[in-house]
Amino acid sequence: MRVRVYDEASRTYFHSELYAALYSGIFERYLIMREGRLFLADKRRREGNSYYSQIHLIDPDFPEDWITLTNGSISDFPDFPKHLPEDKWTAFRGFPWVWEDKDALRRLLRGEAVPLSETFFPPVSSLLPGWSYVLSQEEAETLLRSYHDFHDSVLVDLRYTSGSEQLPDGSMRVADYIRQVTMRFHSDWAPPLEMAFEGVEGLDLRPANEDCFSCLEEATLRFRDGSVFFCDGFCEDEASYPGTKISAYSLRWRFLPPVKQQSTSK
């Protein structure tokens with residue numbers, strides 16, 4: 001499970017796998033890694049009387065093999081601090097081997113940045129097979145070259161998934177925790193292209209007028225501060241760009257099988 005993290009010291013963002021979450025609500029802390037070193041970071045930072053998220057989820061679902069422990073079930077680990085009521089709040093969610101490596105967990109709780117090589121933790125990657133990810137400007141340029149800068153391509157369809165929905169028991173889940181946009185493009189220059197934007201921050205869809213051709217001349221794709229920006233043309237000022245544009249925490253893409261030709265024989 002990937003997250004986008006704000007580093008207050010450098011005022012920049014980076015991506016990390018999420019190994020565990022401690023506590024819940026305002027007190028929640030995430031176990032993340034940067035440059036081979038694991039450390040605990042507060043999910044929210046306080047500014048005045050308000051709290052702001054500085055770690056944002058990219059993937060919508062926690063790993064299936066995570067375990068969940070409450071304060072009442074961790075009495076055998078006295079080093080683990082208990083900030084919330086014993087029998088009510090979730091205290092630990094994460095991979096079981098994080099909890100089992102008590103020496104590493106003690107060091108992390110003391111505020112150390114622990115090299116992965118000094119733990120029993122296996123390397124983790126939630127990147128999906130069969131997809132290419134845009135995690136740098138160089139990889140953004142690779143996509144543009146692979147799709148000929150989107151020249152003469154057309155947007156076939158676009159789908160947004162929020163995460164809010166009515167559940168089978170009739171209750172409503174009102175939480176846009178997925179925030180994913182999928183786009184499909186067709187082109188005479190390359191196979192069909194599928195792009196999946198995750199952690200969408202904004203989307204502006206501007207279809208072509210009915211009296212105009214909808215094919216693109218070119219496209220813009222930028223990666224910075226752990227986010228991507230895509231639009232359907234040349235762009236200098238992202239805020240004032242008048243066409244279709246999207247900003248998100250992550251982008252993955254892949255080529256799809258060619259469109260099947262319809263038989264003309266009788």
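1. The model is predicted: local features need pLDDT of at least 70, side-chain atom pairs count only at pLDDT 80 or more, and totals for chains, interfaces and linings use all residues. Residues are numbered from 1 along each chain as its sequence is written, and side-chain values use heavy atoms, with hydrogens and water left out.

2. Glu-112 sits in the loop between α2 (102-109) and β11 (114-115); helices (H or I, at least four residues) and strands (E, at least two) are DSSP runs, numbered from the N terminus. Its relative accessible area is 28%, so Glu-112 is partly exposed (buried is under 20%, exposed over 50%, partly exposed in between, with a 1.4 Å probe and protein chains only).

3. Not counting residues up to four places away in sequence, Glu-112 touches Leu-38, Phe-39 and Arg-107 (contact means heavy atoms within 4.5 Å). Leu-40 is 72 residues from Glu-112 in sequence, yet the C-alpha atoms are 8.3 Å apart.

4. An open sheet has six strands in the order β9-β10-β3-β4-β5-β11, with antiparallel pairing (two strands pair if DSSP finds at least two bridges between them). Its edge strands, β9 (67-70) and β11, each pair on one side only.

5. Within this sheet, β3 (residues 20-22) and β4 (residues 29-34) pair in the antiparallel sense over three bridges. Ala-21 has Tyr-30 in β4 as its bridge partner.

6. The lining of the largest pocket divides into 11 nonpolar, four polar and four charged residues (Ala, Val, Leu, Ile, Met, Phe, Trp, Tyr, Cys and Pro count as nonpolar, Asp, Glu, Lys and Arg as charged, and the others, Gly among them, as polar).
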